[in-house]
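Please open the model in your viewer and keep the residue selection tool at hand.

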Amino acid sequence: MTPQEMVDRALGLSANDGCVVLVDEGSTANLRFAGNTLTTNGVARSSRLTVISIAGDRVGVVSRAAVRDDQLADVVAAADAAAREAQPAEDARPLVEGGPAAPGWDDDVRPTDIGVFEGFAPALGEAFAAAEAGGRKLYGFAEHRLTSTFLGTSAGVRLRHDQPTGRLELNAKSGDLKRSAWTGVSTQDFTDVDVAALGSSLAQRLEWAKNRVDLPAGRYETLLPPSAVADLMIYLFWSSGARDALDGRSVFAKPGGGTRVGEQLATLPVTLSSDPGAAGIGCAPFVTAHASSRESSVFDNGLPLGPTDWIRDGRLEALQQTRYSAELSGLPVTPAIDNLIMRGPGDEGAPSLEEMIAGTRRGLLLTCLWYIREVDPQTLLVTGLTRDGVYLVEHGEVVGEVNNFRFNESPVDLLGRLTEVGRAERTLPREWNDYFQRTVMPAVRVPDFNMSTVSQAS
């Protein structure tokens with residue numbers, strides 16, 4: 001049974017008032033390497049069926065992996081029964097009306113395979129040789145996923161989206177394993193990954209690390225590269241649900257009630273946005289909600305998505321909204337979108353990270369952040385650690401590597417303290433890339449980044 005047939009059959013089997021069916025067909029190819037040697041490679045396939053049954057204002061959801069033809073009726077019956085036994089859903093709304101089936105709906109699913117690395121693998125081998133000659137060791141992995149999502153509803157929706165997702169994480173270590181540097185990239189198909197340039201960047205950072213400088217905790221002028229900015233902005237984005245703001249549970253809650261939409265958050269005119277059609281980081285142009293939550297609603301499945309500014313010119317413009325929460329807040333319906341873009345004023349003429357380093361009298365240059373955890377949702381204060389390289393910059397040049405730190409900062413508060421925003425580029429977040437990879441971010445300068453304690457992590 002094809003995914004399309006599964007959608008149509010499941011809809012026909014449901015005996016309740018309404019039904020939503022999602023089929024996710026996934027495939028993965030990967031390469032893993034250590035010590036300048038390829039260690040493993042493989043491919044995998046997956047399939048998941050989600051049936052959302054609606055009985056009046058009650059909802060039942062059943063999700064199963066690898067459903068066989070003879071199991072389909074039981075899955076639908078279980079969802080129907082769960083709906084009849086459920087409590088009323090506060091987000092219940094009429095299902096989104098459908099039209100003609102989306103272009104490509106009937107096309108076969110074409111899974112990814114190891115061939116996606118055809119051009120990348122030889123370049124990786126050359127990087128291994130260069131690292132070996134330079135006394136360095138490379139570790140990491142390359143992964144490519146392709147997920148085809150089929151959405152059908154009893155209201156006539158028939159939508160499909162094919163999502164390619166690729167990432168490379170590359171870690172270089174000195175021959176004695178005492179120095180370490182990291183880089184990562186996001187890609188759709190690995191044809192645009194410059195492994196040689198990444199390897200050269202890591203080699204330079206290991207050279208910087210030969211000179212060790214110990215610094216105490218404190219507030220430092222700090223350059224955050226795009227990857228670190230992505231991790232902080234993703235967490236801000238995940239925390240921007242309208243329901244939590246309306247209930248006074250988040251940093252976006254307005255004292256006395258309501259939300260902070262319309263308030264100025266950043267002194268510089270930065271924009272944080274999402275766009276399903278953004279080049280290189282495109283994502284589903286419609287809502288796919290496998291279950292309802294405070295930020296999503298199964299009743300919104302199939303709702304069209306378009307370019308959305310969350311922050312425009314430094315001003316909070318929108319929060320993540322379902323149709324239900326939009327009615328509560330009186331604000332437009334702005335569902336979550338699976339990519340994130342941050343740009344500063346005059347982005348095309350903005351400085352590169354290298355130019356920002358050259359313009360630094362004294363400060364720190366980070367590589368990435370990890371183990372980020374929330375401390376206070378009311379201010380969005382988070383804590384975490386630096387990792388794989390913190391460098392001291394003096395008079396426009398990197399003069400050595402310093403110790404790691406634990407930091408305490410709020411992404412929202414940081415927006416109000418930025419003094420420089422670099423040129424935006426596609427990047428891979430270090431902490432959150434298992435869940436969110438499609439980002440375009442700039443490097444930023446913060447005059448007083450809070451390195452709260454020295455970390456012994458190496």
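**Cysteines and cavities**

Select C368 to begin: this residue counts as buried because its relative accessibility is 0%, buried meaning under 20% relative accessible area, exposed over 50% and partly exposed in between, with a 1.4 Å probe and protein chains only. The model is a predicted one, in which local features need pLDDT of at least 70 and side-chain atom pairs count only at pLDDT 80 or more, while totals for chains, interfaces and linings use all residues. Residues are numbered from 1 along each chain as its sequence is written, and side-chain values use heavy atoms, with hydrogens and water left out.

Next select C283, which counts as buried because its relative accessibility is 4%. The structure holds zero disulfides, a disulfide being a pair of cysteine sulfur atoms within 2.5 Å.

How many cavities of 30 Å³ or more does a search of the whole structure find? The search finds three. A cavity is a set of points, on a 1 Å grid over the protein atoms alone, where a 1.4 Å probe fits but cannot get out; lining residues have an atom within 4 Å of a point. Grid points are joined across faces, edges and corners, and a volume is the space filled by probe spheres set on the points.

Select L224, V229, L232, M233, M342, P411, L414, L415, L418 and V444 to display the lining of the largest cavity. The elements giving two or more residues to this lining are α5 (226-238) and α9 (411-415); helices (H or I, at least four residues) and strands (E, at least two) are DSSP runs numbered from the N terminus. The volume of the largest cavity is about 70 Å³. Its lining comprises 10 nonpolar residues, no polar and no charged.

Move to the second largest cavity, with a volume of about 50 Å³. Select its lining, Q163, P164, T165, G166, S186, T187, Q188, G280, G282, Q437 and R438. Here β5 (158-174) and β6 (180-187) each supply at least two residues, and β5 gives the largest share, four residues. This lining divides into one nonpolar, nine polar and one charged residue.

Finally, centre on S186 in strand β6, which counts as buried because its relative accessibility is 9%. Its side chain reaches the backbone oxygen of Q437 at 3.5 Å. Leaving aside residues up to four places away in sequence, S186 touches G166, R426, T427, L428 and Q437, contact meaning heavy atoms within 4.5 Å.

Technical notes:
1 Å grid on protein atoms, 1.4 Å probe; cavity = no way out; pocket = protein on both sides within 12 Å on 5 of 7 lines; lining within 4 Å. Nonpolar A, V, L, I, M, F, W, Y, C, P; charged D, E, K, R; others polar. Polar contact = N/O pair within 3.5 Å; in protein donor to acceptor, adjacent residues only side chain to side chain.
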